[in-house]
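Here are a few friendly notes to read alongside the structure.

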Amino acid sequence: MKNPVRDVIVACDFPSAEDVLSFLAKFDGRPRKPFVKIGMELFYGAGPDIVRTVKKRGHHVFLDLKLHDIPNTVRRTMRVLSALDVDLCNLHAAGTVAMMQAALEGLTRPDGTRPLLIAVTQLTSTDQTMLENELLIPRPMAEVVLHYAKNAKDAGLDGVVCSPLEAKTVHDACGADFLTVTPGVRFADGEIGDQKRVMTPAEARKAGSDFIVVGRPITASPDPVAAYERCVREFVEGEDA
Ligand code: C5P
């Protein structure tokens, strides 16, 4: 994918290929096709064909498999994902700079093109106590997240997954072109659910997010197309909520 621009990625957290395809059929005939996130549940359940099918329908695909293994294994796996022609994929920055560099080598096709690659810094399910007591990292979370983002930048990656609240700090440290892909987005008048720190699409735009990842506010809406198009108006086109 070349020259990424601000976009809304729909987290298609469905258990089967049938579910995701009937969801995407609702967007047929609309002017804009959603950028689709395929996560572990769907990929492991439905297999790699789901990526090919969704791509064939004309959607960009973010394959969210969060790789974390030795560099050689990650290099070889990324080669497979690159051949699947995903647009965006990811790994854990905790795998080290060497692993991230190996991933980029694996992703890069003979003609020099490759999918975009972003890193997970620290999962939002990890809190400060877990960081210190279980992972034995005695530093403030914000400092760890920023340090991992800088490692990803040094390794040559395109960006990180982070909270919209961290987008500005990441851009300040890693540059305006370093992508921030941010979940935890809710409408001003919507349910928060299990997300703790949320922003509206309009706020995420102001915070400098490049992509928002939105799941249930769209997938669980009685009118998913209207919810998606509202996200696009607020986040991509800059309409106030
Ligand atoms: O339904 P909801 O909008 O909360 O979905 C957010 C999506 O982003 C889910 O697919 C979730 O797994 C993913 N995600 C997240 N927080 C992270 C990383 C990924 O919510 N830190």
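1. Start with arginine 186: in this predicted model, a polar atom of the arginine 186 side chain lies 2.8 Å from an oxygen atom of the ligand. Next, find lysine 37, where a side-chain N or O atom is 2.8 Å from a ligand oxygen. Then look at threonine 124, whose side chain has an N or O atom 2.9 Å from a nitrogen atom of the ligand.

2. How much of the ligand does the protein cover? On its own the ligand has 470 Å² of accessible area, and the protein covers 81% of that.

3. Now look at what surrounds the ligand. Arg186, Lys37 and Thr124 belong to this shell, and so do others, including Asp13, Gln195 and Pro217. Sorted by class, the shell has five nonpolar, three polar and four charged residues. Strand E8 (211-214) and helix H10 (216-219) each contribute at least two residues to the shell.

4. Where does the ligand sit? You will find the ligand in the largest pocket, which has a volume of about 1,200 Å³. This pocket is lined by 41 residues, and those closest to its centre are Thr124, Ser125, Pro183, Gly184 and Gln195.

5. Finally, trace the lining of the largest pocket. E8 and H10 each supply at least two residues here too, as do strand E2 (35-39), helix H2 (40-46), strand E3 (61-67) and helix H7 (141-155). By class, the lining residues divide into 16 nonpolar, 13 polar and 12 charged.

How values were computed:
Residues numbered from 1 in each chain as written. Predicted model: local features only at pLDDT ≥ 70, side-chain atom pairs only at ≥ 80, totals over all residues. Heavy atoms only, no water. Near = heavy atom within 4 Å. Polar contact = N/O pair within 3.5 Å; in protein donor to acceptor, adjacent residues only side chain to side chain. Areas by Shrake-Rupley, 256 points an atom, 1.4 Å probe, with all protein chains shown as cover. 1 Å grid on protein atoms, 1.4 Å probe; cavity = no way out; pocket = protein on both sides within 12 Å on 5 of 7 lines; lining within 4 Å. Sits in = over half its atoms within 2 Å of the grid points. Helix = DSSP H or I, 4+ residues; strand = E, 2+ residues; numbered from the N terminus. Nonpolar A, V, L, I, M, F, W, Y, C, P; charged D, E, K, R; others polar. Points joined across faces, edges and corners; volume = space filled by probe spheres on them.
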